[in-house]
Structures are given as C-alpha cells and as structure tokens.
Amino acid sequence: ERPQTGRLALYLLGLQATCPPASPQRSLVTWLKYYLEEDWRGSRRHGHPLTSYYQYGLGVLALCVHHKRVREEVIRRLLTAQHHGRLGHGGNAVDTEAVVALAFACLERRRLVGTGLAAELRAAAHGASKSMAEAQGPDGIIGNIYSTPWALQVFLATGTCQTEPAFGQAMAALLENLHAFSTAATMAQVLPVLHGHSYLDIASMHCQEELDTLTPVDMEPLTEVPGNKTVQLMVECPLPWCYELRLYDRPVPAPAAASLLDVLRAAAALEPHDFKFDTQDTPQGPFLTQVLGLEARQEKRNYWQLLTAPNTPLLMGIADYRPQDGETLILRLSEW
C-alpha cells in the first residue's frame with residue numbers, strides 16, 4: 001500500500017487552520033515525516049516518489065506550516081524535479097509546481113533552511129510564479145479551473161500578486177467559475193485565495209484572536225431535472241498504445257441531470273461486457289484510471305484526458321461535469 005503522504009498533509013494543514021486547543025498533531029507530524037521517507041524509499045529505483053511529486057510537495061509544505069525542519073536531501077529532491085521538468089502534465093503540472101513552490105516559499109520565509117539554500121528556494125519559487133503566468137490561457141485560467149487557485153496562492157505567497165497581470169485575470173476567471181468548486185477539497189483550495197491568503201498564512205495565525213464562527217448549514221438537495229439526454233461517448237487510444245485510434249463510439253442515454261460519471265455508469269450498464277472503467281478516489285473527487293481495460297499509469301507517463309468534441313479539454317472532473325444533450329465526449333489516452 002502506498003504511503004498516505006498527501007492525505008495526511010492535507011489533514012495536518014486543516015488541523016492547524018482550526019486552531020486546536022491542544023497539540024494532538026505531534027504524533028501525526030512524526031507519521032508524516034515517516035511517510036516522506038517511505039514515499040521516496042519505496043520508489044528509489046524509479047527516481048521519483050512512490051505517490052507523486054504533488055503529494056510529496058504537500059508533505060513538505062505541511063511540515064513547514066507546523067514549523068518542522070525538513071532534511072536538505074528531501075528539499076533537494078523537489079528542487080531537482082523542478083529544474084528537470086518532472087512535475088507532471090497539463091493542469092496537474094500547475095498543481096504540482098504550485099504546491100512545490102509554496103513549500104519552497106514557506107521554508108524560506110520561516111527560516112527553516114540555511115542562507116544558501118534559502119536563496120535557491122526563493123529563486124525557484126519566483127521562477128514558478130513566472131511559469132504560472134506563462135501557463136495562463138486566453139480565458140484567464142491557469143492549467144485548469146481547479147489548478148488556478150493553486151497558481152493564485154503562489155502569486156500571493158511570493159508577493160507578485162501586485163505586479164503580475166496574470167493574477168487579476170486569473171482571479172476574474174475564478175469568480176466566473178465558482179460553481180465548479182463543489183467538494184470540500186476544492187473549496188479548501190479556493191476559499192483562502194478569495195480572502196487574499198495562501199496556505200503559508202496558516203503558519204502565522206494568531207489563534208487567540210480567532211472567533212468561533214462556525215455554524216451548521218442546512219444544505220438544500222439538488223433540484224431534480226426532468227427528462228433524459230443522449231451523449232455520444234468516444235474512447236480514443238493513439239499509438240504507441242493501440243493500433244486502432246477509436247475503440248468505442250456509441251450514443252449513451254442518461255437522465256437529464258447526469259454527470260459524466262453517471263454517463264460512464266450508464267454505458268457500463270448498457271454493455272457490461274464491452275464497456276468497463278475504473279476510478280480512483282482522490283480528495284478532489286473520482287479520477288478516471290482505466291477504460292476498456294487500458295490503465296493510465298504514472299510510470300507510463302500517460303493519463304485519460306477528458307474532452308468535448310472536437311478537441312476542448314474539460315475544466316471539471318468526471319463527477320462534476322454535466323454534459324448537454326447531444327454533446328460528444330471523448331476519453332483519450334494521452335501522454336504527458
């Protein structure tokens with residue numbers, strides 16, 4: 001079983017942000033240090049963490065927010081990965097580079113490293129900020145809508161939010177797409193940015209000044225949309241993985257309010273022997289890992305890209321995106 005580096009890191013960040021009265025996190029911090037070592041040791045021959053650089057960077061960031069020193073070797077692994085462009089693909093690359101940059105900025109700001117290394121980390125964090133700006137699309141989104149809050153946190157943490165035009169454009173795009181942030185994990189990424197903060201600010205919170213303003217909220221159930229729709233579902237697998245590009249191309253009937261995940265389930269129910277898929281649960285929701293027996297794997301440097309025809313990448317995950325009647329959706333095995 002893989003180390004739970006990312007999940008524990010997120011939990012510790014959330015725990016610190018709630019201003020706990022005692023310090024039950026001490027043993028959890030020790031566990032996170034252990035996971036960071038296991039994460040790398042379990043995959044040493046591959047030259048990258050057993051989980052991902054995203055989770056590894058989150059682990060370093062969480063330890064820094066808890067004012068814990070990290071071995072220089074651990075930090076160097078992230079610096080090397082950034083310098084050699086090993087931090088992922090598409091929106092995932094923005095997510096990962098942003099998390100790593102926040103970890104660098106935190107270590108430098110909290111003075112948890114020596115002067116020489118601090119200068120390297122400062123330069124790397126500002127380099128990531130420039131990379132975020134260069135990755136911005138004409139719609140203001142950086143990577144995808146879910147990676148945009150991470151990029152905005154980098155601008156805030158490095159102090160470039162006042163001088164970088166990409167910051168205002170990305171913030172405007174974020175405000176136009178707030179409906180996409182419907183899970184606890186995605187809300188946790190966007191809320192600090194809307195208030196002008198990054199995760200680094202958790203480390204300097206004055207808990208005695210925090211008011212207990214949390215109150216339960218009655219959530220209204222989603223409105224039922226009557227009727228049905230039909231979605232054209234395609235599965236594409238180009239060379240070198242497959243000799244035939246289009247492996248599946250069928251109309252799939254589904255309820256009018258169905259998400260892409262619901263459409264996939266409907267396709268599997270219609271043709272249980274021909275259409276099969278698997279997902280992996282993540283804090284951001286289910287992630288598509290296997291379609292028609294073809295598995296996307298990090299070591300193969302491929303992933304299942306979600307597009308609406310003819311070639312527009314989706315900005316939401318499979319559980320959040322709700323296709324329109326008559327829309328053509330493409331699941332394409334792609335390389336990063």
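The torsion about the S-S bond of Cys64 and Cys106 is about -95°, so the disulfide (a pair of cysteine sulfur atoms within 2.5 Å) is left-handed. Cys64 lies in helix α3 (residues 53-65) and Cys106 in helix α5 (residues 90-109), and the pair therefore ties together parts that are 42 residues apart in sequence. Helices here are DSSP runs of H or I with at least four residues, strands are runs of E with at least two, and both are numbered from the N terminus. The two sulfur atoms are 2.0 Å apart, and a search of the whole structure finds one disulfide. Both cysteines of the pair are buried, a class defined by a relative accessible area under 20%, with exposed meaning over 50% and partly exposed the range in between (1.4 Å probe, protein chains only). The relative accessibility of Cys64 is 0%, and that of Cys106 is 1%. Cys161 also counts as buried, at 15% relative accessibility.

The structure is a predicted model, in which local features need pLDDT of at least 70 and side-chain atom pairs count only at pLDDT 80 or more, whereas totals for chains, interfaces and linings use all residues. Residues are numbered from 1 along each chain as its sequence is written, and side-chain values use heavy atoms, with hydrogens and water left out.

The protein chain contains 10 helices and eight strands. Of its 336 residues, 47% count as buried. Contact is taken as heavy atoms within 4.5 Å. Among contacts in the chain between residues at least 6 apart in sequence, 63% join residues at least 24 apart. The chain exposes about 17600 Å², of which carbon and sulfur atoms supply 52%; accessible areas come from the Shrake-Rupley method with a 1.4 Å probe, and for residues only the protein chains shown count as cover.

Helix α5, which carries Cys106, also contains Val99. Val99 is buried, with a relative accessible area of 0%. Leaving aside neighbours within four places in sequence, Val99 is in contact with Tyr54, Gly57, Leu58 and Trp150. The C-alpha atoms of Val99 and Gly59 are 9.6 Å apart in space, and the two residues are 40 apart in sequence.

Charged side chains were examined next. The structure holds 12 salt bridges, each defined by a side-chain nitrogen of Lys or Arg within 4 Å of a carboxyl oxygen of Asp or Glu. Glu37, Arg71, Glu73 and Arg77 are linked in a network of such bridges. Within this group, the side chains of Arg77 and Glu73 meet at 2.9 Å, N to O. Both residues lie in helix α4 (residues 72-83), where their separation of four residues corresponds to about one turn of the helix. Arg77 counts as buried at 9% relative accessibility, whereas Glu73 counts as partly exposed at 39%.

Another salt bridge joins Asp262 and Arg265, with an N to O distance of 3.7 Å. These residues are three apart in helix α10 (residues 260-270) and are thus separated by about one helical turn. Asp262 is partly exposed at 30% relative accessibility, and Arg265 is partly exposed with a relative accessible area of 48%. The side chains of Asp249 and Arg246 likewise meet in a salt bridge, at 3.7 Å, N to O. Asp249 is partly exposed at 32%, and Arg246 counts as partly exposed at 36% relative accessibility.

Strands of a sheet pair through backbone hydrogen bonds, either parallel or antiparallel. In the present model, five strands form an open sheet in the order β2-β1-β8-β6-β7, with mixed pairing. Two strands are taken to pair if DSSP finds at least two bridges between them. The edge strands are β2 (246-255) and β7 (312-313), each of which pairs on one side only. Strand β6 (residues 302-308) pairs with β7 in the antiparallel sense over two bridges, and Leu307 stands opposite Pro313 in β7.

Helix α10, which holds the Asp262 and Arg265 pair, lies across β1 (228-236), β2, β6 and β8 (328-335). This helix runs at about 105° to β2; axes are lines fitted to C-alpha atoms, for helices over the stretch in contact, and angles run from 0 to 180 degrees between N-to-C directions.
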